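Biologist: I am new to this structure and would like to be guided through it. May we proceed by question and answer?

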Amino acid sequence: PHKSTDETTAAEFRDLLDLNLLSYFLASKLALPYLRQNQGNIINVSSLVGTIGQRHAVPYVATKGAIIAMTKAMAVDESGHRVRVNCISPGNVTPLWEELAGQSPDAAATIRAGEKCQLLGRMGTEAECGQAAVYLAADATFCTGIDLLLSGGAELNYGEKAS
């Protein structure tokens, strides 16, 4: 939920840490013995906001930023085992964005506003996220410790920021 820091409880923050960070850590920990034997790779999914921030979303942004940091640290540790560890950080992706927009008073206007935040003028797709993961898993054999921003350029260019 979008809440100010003052309105966010410690329990809410902890729950998001468990969901968005601890679960990734534990999945990696359990997979690493096999991945080390087979020189596999881990692909974490974070969010663009883990890099650029977002209003009224401190716990979410913090956990997504932590995934990016964990990816880099794990890439360092696992490089000796030839296990690559990378991250994909999507920006606005349908249908997730559409679902969130449905909670706003004017979903269509919210979707249009979101599309206008992308240099490419549209949302990303689940298929594009999948293609990025396939690239990192199969073809990007010299990539480790990267955070691939899958954002349509949302983080680029100056724009209205003050409210």
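Predicted model: local features only at pLDDT ≥ 70, side-chain atom pairs only at ≥ 80, totals over all residues.

Biologist: How far apart are the end C-alpha atoms of helix α1, and what span should its 29 residues have?

Modeller: Helix α1 covers residues 10-38. At 1.5 Å a residue, its 29 residues should span 42 Å.

Biologist: At which residue does α1 bend, and which proline follows?

Modeller: The bend in α1 is about 50° and is located at Leu32. Leu32 is also one of the buried residues of the helix, including Asn20, Leu21, Ser28 and Leu35.

Biologist: Against which elements do the buried residues of α1 pack?

Modeller: The buried residues of α1 are Asn20, Leu21, Ser28, Leu32 and Leu35. Their packing partners are a strand and a helix, namely β1 (41-45) and α3 (58-78).

Biologist: Is Glu78 buried or exposed, and which residues does it contact?

Modeller: Glu78 belongs to helix α3. Its relative accessible area is 5%, and the cut-off for a buried residue is under 20%, so Glu78 is buried. When neighbours within four places in sequence are left aside, its contacts are Leu32, Arg36, Val83 and Val85.

Biologist: What is the relative accessible area of Val85, and which residues does Val85 touch?

Modeller: Val85 is part of strand β2 (residues 84-90). With a relative accessible area of 0%, Val85 is buried. Not counting residues up to four places away in sequence, Val85 touches Ile42, Asn44, Thr71, Met74, Ala75, Glu78, Thr144, Gly145 and Ile146.

Biologist: What distance separates the C-alpha atoms of Val85 and Gly40?

Modeller: Val85 and Gly40 are 45 residues apart along the chain. In the model, their C-alpha atoms are separated by 9.0 Å.

Biologist: Where is Ser47, and which residues are in contact with it?

Modeller: Ser47 is placed in the loop between β1 and α2. At 8% relative accessibility, Ser47 counts as buried. Leaving aside neighbours within four places in sequence, the residues in contact with Ser47 are Tyr60, Lys64, Ile68, Ser89 and Pro90.

Biologist: How many nonpolar, polar and charged residues line the second largest pocket?

Modeller: The second largest pocket holds about 160 Å³ of space. Its lining consists of Gln39, Asn41, Ser79, Arg82, Val83, Arg84, Thr141, Phe142, Cys143 and Thr144. Sorted by class, the lining has three nonpolar, five polar and two charged residues.

Biologist: Is Arg82 buried or exposed, and what is its phi?

Modeller: Arg82 is one of the residues lining the second largest pocket, and its place is in the loop between α3 and β2. At 59% relative accessibility, Arg82 counts as exposed. Although Arg82 is a residue other than glycine, its phi is positive, near 60°.

Biologist: What is the phi of His56?

Modeller: His56 is found in the loop between α2 (49-52) and α3. Its relative accessibility of 42% makes His56 partly exposed. His56 is not a glycine, yet its phi is positive, at about 55°.

Biologist: Is the peptide bond from Thr94 to Pro95 cis or trans?

Modeller: Pro95 lies in the loop between β2 and α4 (96-101). For the peptide bond from Thr94 to Pro95, omega is near 0°, and the bond is cis.

Key:
Residues numbered from 1 in each chain as written. Heavy atoms only, no water. Helix = DSSP H or I, 4+ residues; strand = E, 2+ residues; numbered from the N terminus. Expected span 1.5 Å × (residues − 1). Bend = angle between axes of the 7 residues up to and from the residue. Buried < 20%, exposed > 50% of the residue type's maximum accessible area, 1.4 Å probe, protein only. Contact = heavy atoms within 4.5 Å. 1 Å grid on protein atoms, 1.4 Å probe; cavity = no way out; pocket = protein on both sides within 12 Å on 5 of 7 lines; lining within 4 Å. Points joined across faces, edges and corners; volume = space filled by probe spheres on them. Nonpolar A, V, L, I, M, F, W, Y, C, P; charged D, E, K, R; others polar.
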